[in-house]
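This report walks through one protein model, from its domains to its ligand shells and helix contacts. Have the sequence and structure open while reading.

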Amino acid sequence: RKPWFCAGCPHNTSTKVPEGSRALAGIGCHFMVTWMDRDTETFTQMGGEGASWIGQAPFTNTRHVFQNIGDGTYFHSGILAIRAAIASGANITYKILYNDAVAMTGGQHVDGSLTVEQMVYQLKGEGVKRIAVVSDLPEKYARDFPKFEGLSVDHRDNFTAIQKALRKLDGTSVIIYEQTCATEKRRRRKRGLLEDPDKRVFINASVCEGCGDCGVQSNCLAVAPKETELGRKRVIDQNACNKDYSCLKGFCPSFVTVTGATLHKALAVSTEQNFPELPAPPSCGDELSEPYNILLTGVGGMGVLTIGSIIGMAAHIEGKGVAVLTQTGLAQKFGAVSSHVRIAKNQADIHGVRVPAGKGQLMLGADMVVSSAEASLACLDSSAAVAIVNNHGSPTADFTQDPDAPFPEQAMEQVIGAATRDAHFFDASVLGTALLGDAMTSNLILLGFAWQKGLLPLGKGALEEAIRLNGVAVEANLQAFLWGRRLAEQPGKVKDLAGLDTLTAAEQNAEAETLDDIVSYRATELGKYQNRAYARRYQALVDKVKTVEQKLGAAELALTKSVARNYHKLLAYKDEYEVARLYTGGEFAESLNQQFDGDYKLTFHLAPPLISKRDPETGYLIKREFGPWMLPAFRVLAKLKFLRGTALDVFGRSEERKLERSLIGDYERQVDQLLSALSVPNTSPETLAVAIEIAGLPYFMRGFGHVKEANITTVQRRGMALMKQLKGESADPEQVRVVNIQEPERLEK
Ligand code: SF4
Ligand code: SF4
């Protein structure tokens, strides 16, 4: 797991640089930018920020750089670096992130911190001629804030424009990006020291195209993947979301904000009635003639260390010997965390705190990725160890940059299975959310499961007492421990109650979709999208492909399946009528009710092409807020779908809609070309493979507006190169100009 900025962290936005510029990293959190594909390289010690540029500037053609620096570093010694830059005359813009905490090490206060106002005066005194304050709440600076030439205050939405303006200046300029650390905000909100905004973000997964733009815009790990019949979509992980709202910049109509809601309460399951007294577990630990070795694995913030402490305390209560060693690394930033716990009859029996390599008997895995890592598995005794792992698909950092980043659950399960005598996998996060209303209880579910399986050499009473002594969410944690025990005895019943799929990843994979499944689902959807004739048009092309492929003897019908999926995607382009239908068809309301309770209100974030303004910087349409009245408006609009494609279809006149309609005809012609190519005698498997890839390209034409347009351009380049390959001609995808995918001949002409 690559450590990453927290959900809603201001660094996610403050470290962006405009196209054509580059930046230098800093110390602490700012160092992490160097692995984020943000044109940011090199770092220095505190107080050396920009010094390398001072030396380099006279000898390069680069005119200007940005330098990241935190407010703590600024106060410690960064001001000296800025003074040196001013003296040198180098062209540099310092981006001081004023996040009001020492975030990397756990949110300590910045010693002797300055206010933004004091900082502004200090910088002016040092001779900085241009200072721009950027904030998520610029209204804070509307009154009683210094005003002088060269000082501006703006919303963070204008951040790119400000950076572009400052990079043109000579000498040293400064941007103070003011937004409190997201994790610190969460802490303050929990302690009642900061107002918790009554506004949550929700994604309508039916509207979502899985383009990943929200991940790119926000860099946020609380924007999580959701695998569906129609591909990977996005959801907001409400437990992880810190409400900074930068994901709303994702260019699509899938986002709503919800006010007046609380998170949906847990299932009201009558536990006593449904679950009789559980049997005693098998005995564990062979009377502890040797220390019993447990490895706990997870990611920072998941409560792994708490579980280590609870086990350690329980052993202590029973008068046993115990050692707990925690390795936190970049735990504050989604980095891997592990705890080595050793339990013995007497303290003197433990000669080292680490679990010796190959001696681990139990692994409690809060995270699949960390649990399947080599370092974790090397601890385990493969002939004796048992792994109990939460297989919840927590997104990795790669997912924020790559919408198709894989989460190879099955492969990870296999690796863990091979390194252990026995392994149990279940989605403890979903169980915790469904049964107790909080995914943070998942580790206690793992613990209860392990205890009931006889994998902990400790008594129930001691563990429960340790949970009480831990003093946090005691009742929920005791319940979670109990649910874990029940899961060990009656997995089917517990999973059913929680609405969890009872199939393992391997079983789900084995249950591959048939062509009939794929086609009948989509044909039904197209009937709802437009009408039955539209569905028949779909069915006819799929049948035609199937006939040709069957003649080829391709038993898997991979080409037909690909056409079935991708032709549907093009036919069901999400115009105004369809978006309206997907908001009013019932599924959206149901998914909202599963997530929220209360008498909540919705705000929609849309950029209808016909009425939206364009951003002067980017030329892209700007999203606007629309109130709850949008829902009745959507209901009317959804009913007007019969106008789609007719002379009265005003929405259909936009360039985007025209392009979407033309893609359907293009694809139909392209499939005909593929079938001709496959109809020659002795078609090779390679030719079929290329045809399948071409047929699958529309999957990547995803998103809305400029995002979709850019994706279509990329896909068409690839499509043209593949068509050439299909014909046995040589083509370098990088060299191919964009032309109509169906008519590569145009290029030659
Ligand atoms: S509002 Fe969006 S960007 Fe902000 S923390 Fe939540 S999911 Fe992440
Ligand atoms: S359509 Fe794209 S930007 Fe919108 S929610 Fe889905 S992945 Fe995010």
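## Domains

The protein chain is assigned four entries: domain 1 (11-185), domain 2 (197-270 + 588-643), domain 3 (276-489) and domain 4 (530-571 + 654-748). The model is predicted. Between the C-alpha centres of domain 1 and domain 4 the distance is 48 Å.

## Ligand shells

Ligand 1 is surrounded by 15 residues. The closest are C220, C241, D244, Y245 and C247. Sorted by class, the shell around ligand 1 holds nine nonpolar, four polar and two charged residues.

Around ligand 2 sit I203, C208, E209, G210, C211, G212, D213, C214, R234, C252, S254 and F255. Six residues of the ligand 2 shell are nonpolar, three are polar and three are charged.

## The loop at S206

S206 lies in the loop that runs between strand 8 (200-203) and helix 7 (213-218). Which residues does S206 contact, leaving aside neighbours within four places in sequence? They are K233, K574, L582 and E587.

Q108 is 98 residues from S206 in sequence. In space, the C-alpha atoms of S206 and Q108 are 42 Å apart.

## Helix 16 and helix 17

Two packed helices are described by the angle between their axes and by the distance between those axes. Helix 16 (residues 460-470) packs with helix 17 (residues 474-489) at about 150 degrees, and their axes are 8 Å apart. Angles over 145 degrees count as roughly antiparallel, so helix 16 is roughly antiparallel to helix 17. The crossing of the two is right-handed.

On the helix 16 side, the contact uses K460, L463, E464, I467, R468 and N470. Helix 17 contributes V474, N477, L478, F481 and R485. By class, this contact of helix 16 with helix 17 has five nonpolar, two polar and four charged residues.

## Helix 14 and helix 18

Helix 14 (residues 428-436) and helix 18 (residues 491-498) pack at about 65 degrees, with 9 Å between their axes. The range 65 to 115 degrees counts as roughly perpendicular, so helix 14 is roughly perpendicular to helix 18. Helix 14 and helix 18 make a left-handed crossing.

From helix 14, L431, A434 and L435 take part; they meet V494, K495 and A498 of helix 18. The contact of helix 14 with helix 18 has five nonpolar residues, no polar ones and one charged.

Technical notes. Residues numbered from 1 in each chain as written. Chains lettered and ligands numbered in written order. Predicted model: local features only at pLDDT ≥ 70, side-chain atom pairs only at ≥ 80, totals over all residues. Heavy atoms only, no water. Domains from an automatic or database assignment. Near = heavy atom within 4 Å. Nonpolar A, V, L, I, M, F, W, Y, C, P; charged D, E, K, R; others polar. Axes fitted to C-alpha atoms, helices over the stretch in contact; angles between N-to-C directions. Helix = DSSP H or I, 4+ residues; strand = E, 2+ residues; numbered from the N terminus. Parallel < 35°, antiparallel > 145°, perpendicular 65-115°, else oblique. Left-handed = near helix turned anticlockwise from the far one by under 90°. Contact = heavy atoms within 4.5 Å.
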